[in-house]
Amino acid sequence: MEYALAVIVFVALVALVVLRPLVAGNQDQAATQARRADLEAAKESKYREIRDAELDLGMGKLSRADHRAIDSELRAEAIEILRELDGLDGLSAEAAAGRDHARRAHGDESAG
Amino acid sequence: MSGIGAACLFVGLLCAAYAAISGVYGGLSGRRQFVVSARRAFYCLAALLIGATAILQAAFLRSDFGYRLVAEGSSTDTPTFYKVTAMWATQEGSLLLWALLLSIFSSAVLFLTRDSLRAITPYATAVLAVVAGFFLLLTVVWVSPFDQLVQPPVEGSGLNPLLRHPAMMIHPPMLYTGYVGFAIPFAFAVGALVTRSVGADWIRATRRFALIAWTFLAAGIMLGALWSYTELGWGGYWAWDPVENASLMPWLTGTAFLHSIMVQEKRGMLKAWNVSLICMTFILSLMGTFLVRSGILESIHAFGASTIGTQFLIFIAIVVLGSVALVVWRLPDLRSTARLDSLLSREAFFLLNNLVLLALALVIFWGTFFPLISEAVTGTEASVGPPWFERLVTPLALVLVALTAVGPMVAWRRVTPAGLRKVLVIPVAVAAVTAGALLLGSDAGSSLTAVAMFCLVAFVLAVVTQELWRGASARRVMTGEAWPRALSSLIGRNRRRYGGYAAHAGLAVLMLGVAGSSAFAEQQDLRLAVGDSFRSGGWEITYDRPIARVGDDRAGTGAPISFGAQLTARRGDEFRTLRPSRNYYPAAGMEEGAIGRYFEGEATSEVDVRWGLGGDLWTAVRPDISSLRGSIEEADRKFAESDGDVRGLIITAIAEQYRRSPPPASFRAISSPLVSWIWIGGGILVLGALLAAWPAPQARMRRARSLYRARLGRDLTGA
Amino acid sequence: MRSASLAVSVNALVIMQAMDPSRKRRLRLVIALSVAVLLAGALVYTSFNAATEASTPSGLRSSVTPGKSYELTGKVVKGSIDRHGEELRFAIRDRDGSASVPVVYTGVVPDPFREGREVIVSGALERGTFNAERDSLVTKCPSKFTEDKQT
């Protein structure tokens, strides 16, 4: 008897908590928020890699040439992530295009 | 209250079922609100299971023997600490603990990822819900912790005396935290495979959970070994018993996983390895949980067929088949874009690391399940013993320790032989000097394996020291800080790296202890009369006098009678007193006699150890109470109906008889060199791992972020 | 003419270098697989060689190779425990009744050891008595599920 009563009460409480989002409906401006969170995590990871490479260089594990190559590659990847993050912020396409051009120029320099 | 507890479990099962269905539906349809709903169902599940656990613990604490579990595992005279921990000494209680930990961890991870990993979280939620649901199903349908007895006994059976040791009580929750912790990355891996988002996102989100799970599993294994060493009468810490092996295997594959994911994060390689490793780790965790309860392997832990063995087997089979199917199905997506540049690269060494750890796990798996394998192959059941395990595991362990030293020295992508030589020259020199010193200056050369391990340990420690020194130097060059500050900020700013190095050092120190104690331990079993002495490992040990204590429960284990011996150990100027003894717990019924039952119940060996960094002196005694048999039987006849006080007097008199004319007792003395370093090394390992898992303070992260953004911003604008 | 042959040889070099990585990879794979096969072979061979066959008292009665090591499982017969100084004598019977075998054992006796408990002990049958190896006695704990460990 105690069991049945408890089950009913618990089911009711749980239903209250669990069904609320279904009633409230879809709130999907969270989609961009989620993408931002994923990008932020990737960005942190990339920053750590750049720092690790610097430390390795300081400790003599990487030669200057190797470090330069790895560093510019990591920075390029980080820039991609930052660009996508800025894109989420809804900056104008023109500003993005301007940055693209500058990046390509920079990219040419480091490749040359 | 038990009805409420059972209701918590039943409604919890409904929550899990709902979370699974809602999660999958939310994932398939893209309707976010169902995923949110599933997450909330997990929060409810956690709350319900906390409630159920509280109700059960309350029953234990007030010794409510209407509960079958309390009647079987506790008694009014069980010390409070052991009343609280008795819950997970039972099958039902430990299943509840598993489900509780899983619901809490799942709630935590789902809360932390509520705004990220949108594609994966719905399916991860569903997977976690299914696992939680399985454990709850077991407790709801088959083995409920809230079973009531129709006729509650007046007194409970009490906790098995062998378990009345603090380490043994913390050991299960630690192991379970490990096992359950690995369910989190497993669930996200499944989600990643299902949704084909097999980048490093799922790894980044669950890495800390995996690391913490691994740490707790390591601590749990160490505690089990420590308990074996200090509580059991054989003086060893590892017997290659199936249940010990079952906890070690997921730890090994978990270690491989933790290292291998670094390769995926940095270079997008070893994706297939990573999903496979985490699936293996989780499956082995389930097996570890299951093996203790099944009857499939002859082990001291397994007692005939358990009631839930088949269900576990079916569930494990489903998980195995599902994982294999998923990985094979998504194999095209798991191909890496990058290629291995050189064998002298960290990627290659991590791959080698994976292979060595996998080989270790495979060897242990083969040996553990050999009875079943041989039965299937030859028709007769045969088993392999510790010597076989040691023979195969030792070379692999040596390679592993060597890898922990060389791995961090090798850079990503490629390191030139000259570059490698430059970083290794000092550590190799240290190792060589160690070898020379050991072979020439001591008789350690009797075991070449031990010498090899000692050299490798020196190698690892030299490497770690060198890394700290060079790193601090590099920092000083950059910032001009003083040495102590440079060192602390180096470690503080690179916790993952230096925490990892500390863990490596801990492992090396642990292996130092293992090698020393395995190769050079001296064990003696003898029968001594009072006044006899013997030698062990440089000690001269004398049996001074017998000990007989009644009602003096110093260790808090609830033992009324304790017989033992006082030994004096002398080595040079050092002088130690050791008091090993044997605790006697009364038997439950009256068949053994009113007085006899105090001597015929369970008995445990209380060892006494003289701990030392150079080596331990371990002693245990088995008193011979057969000479007291006559007096006990006479007392049984005369005082069958007496009350407690009279019984106490009789027993004290019998104890006095033992003290006055003690027959020779059986002793075991072991002098184990370096064995304490096992526990020290284990502690360093755990602390290193915790350091690596420690999140950096938010303020510093923001500063670092803005710094980088500024620098990269300059790159962006081409300045 | 010379520039043409130079061009040809440079091309050949380029092609050879282009082939090497995949050939290198295949070679690595072959080596790795061979090592794996060797290890697996060592595993299987050593385990089947070093294994002790498990048996029950009735199994020992029916078919036994004299002098061969067995791992005997069963329950301790009530009233059969007898201690003679260092030596422990007892009898093991099948889990479900029938046959029993007398055992002579020296070494550490696990704490849960008593009548009616399930034990595992290794040794060889000699003239009707099972001579147990030192320290090989394992006693299982009595209850349905207890986390316990003994050697």
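Where in chain B does Arg339(B) lie? Arg339(B) is found in the loop between helix 12 (331-334) and helix 13 (346-368) of chain B, helices being DSSP runs of H or I with at least four residues, numbered from the N terminus. This is a predicted model, in which local features need pLDDT of at least 70 and side-chain atom pairs count only at pLDDT 80 or more, while totals for chains, interfaces and linings use all residues. Residues are numbered from 1 along each chain as its sequence is written, chains are lettered from A and ligands numbered from 1 in the order written, and side-chain values use heavy atoms, without hydrogens and water.

**Salt bridges**
- The structure holds 31 salt bridges over all chains, each a side-chain nitrogen of Lys or Arg within 4 Å of a carboxyl oxygen of Asp or Glu.
- Asp56(A) pairs with Arg497(B) in this way, with the closest N and O atoms 2.9 Å apart.
- This pair crosses between chains, from helix 2 (residues 30-59) of chain A to helix 19 (residues 495-520) of chain B.
- Asp56(A) and Arg497(B) are both buried, that is, under 20% relative accessible area, where exposed is over 50% and partly exposed in between (1.4 Å probe, protein chains only).
- A network of salt bridges links Asp52(A), Asp56(A), Lys266(B) and Arg497(B).

**Nonpolar cores**
- The largest nonpolar core has 211 residues, a core being a set of buried Ala, Val, Leu, Ile, Met, Phe, Trp, Tyr and Cys residues joined through side-chain atoms within 4.5 Å.
- Helix 7 (residues 166-195) of chain B gives the most to this core, with 18 residues.
- A second, separate core of 32 residues includes Tyr584(B) and Tyr658(B).

Key
Helix = DSSP H or I, 4+ residues; strand = E, 2+ residues; numbered from the N terminus.
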